[in-house]
Number of protein chains: 2
Amino acid sequence: MVKYNLYRAEDLRNFMVRFFTKLNVSSEDAAIAADVLLSADLRGVESHGIIRLNTYYGSRLKKGLIDPKSPITIINETLTTLALDGGNGLGQVVSKHGMLSCIEKAKANGVSMVTVRNSNHYGIAGYYAMMALEHDMIGISFTNSQPLVAPTYGSAPIIGTNPIAVAVPAKDQRPYVLDMATSIVPIGKVTVYDKAGKDIPAGWGINKLGEVTESPSEVLYGGALMPLGGIDMMAGYKGYGLSLMVDIFSGVLSGAAFGASVGHPSDPKAGSNVGHFFAAVRIDAFRPVEEFKAAMDEYILQLKNSPKAVGHDRIYIHGEKEFERSERYLSEGVPLLGSVASGLNDIGMEVGVPFDCELVKEVMREPLGG
Amino acid sequence: MVKYNLYRAEDLRNFMVRFFTKLNVSSEDAAIAADVLLSADLRGVESHGIIRLNTYYGSRLKKGLIDPKSPITIINETLTTLALDGGNGLGQVVSKHGMLSCIEKAKANGVSMVTVRNSNHYGIAGYYAMMALEHDMIGISFTNSQPLVAPTYGSAPIIGTNPIAVAVPAKDQRPYVLDMATSIVPIGKVTVYDKAGKDIPAGWGINKLGEVTESPSEVLYGGALMPLGGIDMMAGYKGYGLSLMVDIFSGVLSGAAFGASVGHPSDPKAGSNVGHFFAAVRIDAFRPVEEFKAAMDEYILQLKNSPKAVGHDRIYIHGEKEFERSERYLSEGVPLLGSVASGLNDIGMEVGVPFDCELVKEVMREPLGG
């Protein structure tokens, strides 16, 4: 059990906006970046939220490794496609604009796809996919990441944890929101086990020889994560293939870095040239929206009402836990690890933006590790 | 080791064309269906090839459960989208036409997506994705299938093995062709273990209580396959999410059956209302094709030249083994299990189309089980 501090979502957002603007980000762009980071904490993806405010963004803005102006340029454009250059700005800014354009193009022409090169860490993939929901569209969002995963039969990290996010609206049921890394676990989860001195389950990662190891430190220092599926016998080459697919769309099609060349989001010396991919699909181009949404509800209920495995009483749809968490955190407060909160105090002091969010409550609980 | 008979690809194709035309399929449509089935055998996906000629197609054509005319109608059409009704015809016929239209629309407008409802088993997903390659496009193909996989925390098969196929051209390297079921293994692999009296690896499937079992018969009779990833700890909910995603595009968006309602391809009494989804992406809408292909080559070589795990000397790219197998089979002959060849003789006799393919050679080898 660890200590969490609860803060109001609005207070955290305002702090982040002030932090970004102090580092020469426009107030519009600061609001975008803050909103994406906050959405990660609200959904319980702690590893992609405010905890990264300084390491992934602030420290690099200060050094000029991310351009605070986020100057976006158009490389190629058709009625249905757009290839953007993020100008080494904030990943969230070019991604929000990219997905908005994607939705506009899909609205006018049925479907649309947008690529982004020369960008940085964009936060949670699901944020952009979910932007399509209110337009009665299916939204898709991919990004590549620094190399952490070994290909099947390999021993070195060459590909990223490259997430796939897909958001689909339903009628009375909550939307389906898949937002998954293509590795079995994020690297942060291995770090948590390492710090706790615990073994990891066999299959999450390999050592420097490419052998499955239960030692988290062997994975972290010289080893690699395994792709979804794990070893060959359990079809890990499928996870490897999905990770590669995400990078082909995000890195190769966009003209960004790919594979082992993608920079680390907290690299203190160089830009990362991350690439993203977005798509939007207008549902009514295929069938009436109400018919589609009713069928989604029927499918969701079919799954939820199907027989449960021994020891389980509920089947979840993707995104469901995150929607419930989000609603709870918006009313009760957003929990930040005590150590994260004190870190925010330090980085705020450093740039002259005090972390003056009012503490709503302190609670003890298990970390989510997400 | 089992006996395989080798036949010339062209001879097998001709036999299948004669078989289909005898069952009132037009010669054009028969050629399409035969080509898709042959491509599975050439690529080594035995479970989706000529072995299914009667069970999935012939027996159902004879009973009127598949319409030999494959009457295709348009439900909805825009410049970039097309929603088709397959008229309960051959899945291969409407899918080939659907993907051709998809490619034409992408050629004219950058990207395109096509759905199909009211169809039947379409063979291997990769066939249609690969049609995009010669047009310098990325091709995507999904289909749903009869329920075989349990959702995470469930105990009953509600979703299909719903495959994802993505084909991407390279320059001097072979194309990347991902063609994967979203379950860990196909059901046929469990049947092979069952017949051989062998245990399956823990994690492939569950028994009727939803518990992981090493008994193939418990999986086959009352149990279910597990989605890619397997148990929760190994992120099986991601495979479940991908399977659901494929069905949302193939079944829900198209207006076909979905989830537990998708019919079995060898059901002797009813149509299956399978749904498919196709997409094509014009690479030059995003960046020059030659630049893209050179980057693909660079990525492929980066992966292949990366450090190998102990006991391995080669890293594969998706589709590579299948391309090599295909080339070998085209020159040496296509291997069919001895029992499959004699089965073809029987079904040929029954409809008056003798299986008169010349036996090139007999070999003994392990079954691929794919």
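B:Ser272 counts as buried because its relative accessibility is 2%, where buried means under 20% relative accessible area, exposed over 50% and partly exposed in between (1.4 Å probe, protein chains only). This is a predicted model, in which local features need pLDDT of at least 70 and side-chain atom pairs count only at pLDDT 80 or more, while totals for chains, interfaces and linings use all residues. Residues are numbered from 1 along each chain as its sequence is written, chains are lettered from A and ligands numbered from 1 in the order in which they are written, and side-chain values use heavy atoms, with hydrogens and water left out.

B:Ser272 sits in the loop between α8 (236–252) and β10 (274–282) of chain B; helices (H or I, at least four residues) and strands (E, at least two) are DSSP runs, numbered from the N terminus. Its side chain makes a polar contact with the side chain of B:Asn120, at 2.8 Å. A polar contact is a pair of N or O atoms within 3.5 Å; within protein, one must be able to donate a hydrogen and the other to accept it, and residues adjacent in sequence count only if both atoms are side-chain atoms. Leaving aside residues up to four places away in sequence, B:Ser272 touches B:Arg60, B:Ser119, B:Asn120, B:Ala257, B:Val262, B:Gly263 and B:His264, contact meaning heavy atoms within 4.5 Å.

Two packed helices are described by the angle between their axes and the distance between the axes. Helix α1 (residues 9–22) and helix α2 (residues 27–43) of chain B pack at an angle of about 140 degrees, with their axes 8 Å apart. That angle makes α1(B) oblique to α2(B). Axes are lines fitted to C-alpha atoms, for helices over the stretch in contact, and angles run from 0 to 180 degrees between N-to-C directions; those under 35 degrees count as roughly parallel, over 145 as roughly antiparallel, 65 to 115 as roughly perpendicular and the rest as oblique. The crossing of α1(B) and α2(B) is right-handed, the term for a near helix turned clockwise from the far one by less than a right angle, with anticlockwise giving left-handed. Among the residues that meet are B:Leu12, B:Met16 and B:Phe20 in α1(B) and B:Ala30, B:Ala34 and B:Leu38 in α2(B). In the loop between α1 and α2 of chain B lies B:Asn24, a residue other than glycine with a positive phi, near 70 degrees.

Helix α10 (residues 320–332) of chain B has 13 residues and reaches 18 Å from its first C-alpha to its last, close to the 18 Å expected at 1.5 Å a residue; the expected span is 1.5 Å times one less than the number of residues. B:Glu320, B:Phe323, B:Arg325, B:Ser326 and B:Tyr329 are buried in α10(B). The elements against which the buried residues of α10(B) pack include α2, α9 (289–304) and β12 (359–365) of chain B. B:Gly333 follows α10(B) and has a positive phi, near 115 degrees.

In chain A, helix α8 (residues 236–252) has 17 residues and reaches 22 Å, close to the 24 Å expected. This helix, α8(A), is largely enclosed by the rest of the structure, because 16 of its 17 residues are buried. The axes of α8(A) and α9(B) come within 11 Å and cross at roughly 145 degrees, in a right-handed crossing. A:Tyr240, A:Leu244, A:Asp247, A:Ile248 and A:Val252 in α8(A) meet B:Phe292, B:Ala295, B:Met296, B:Tyr299 and B:Leu303 in α9(B).
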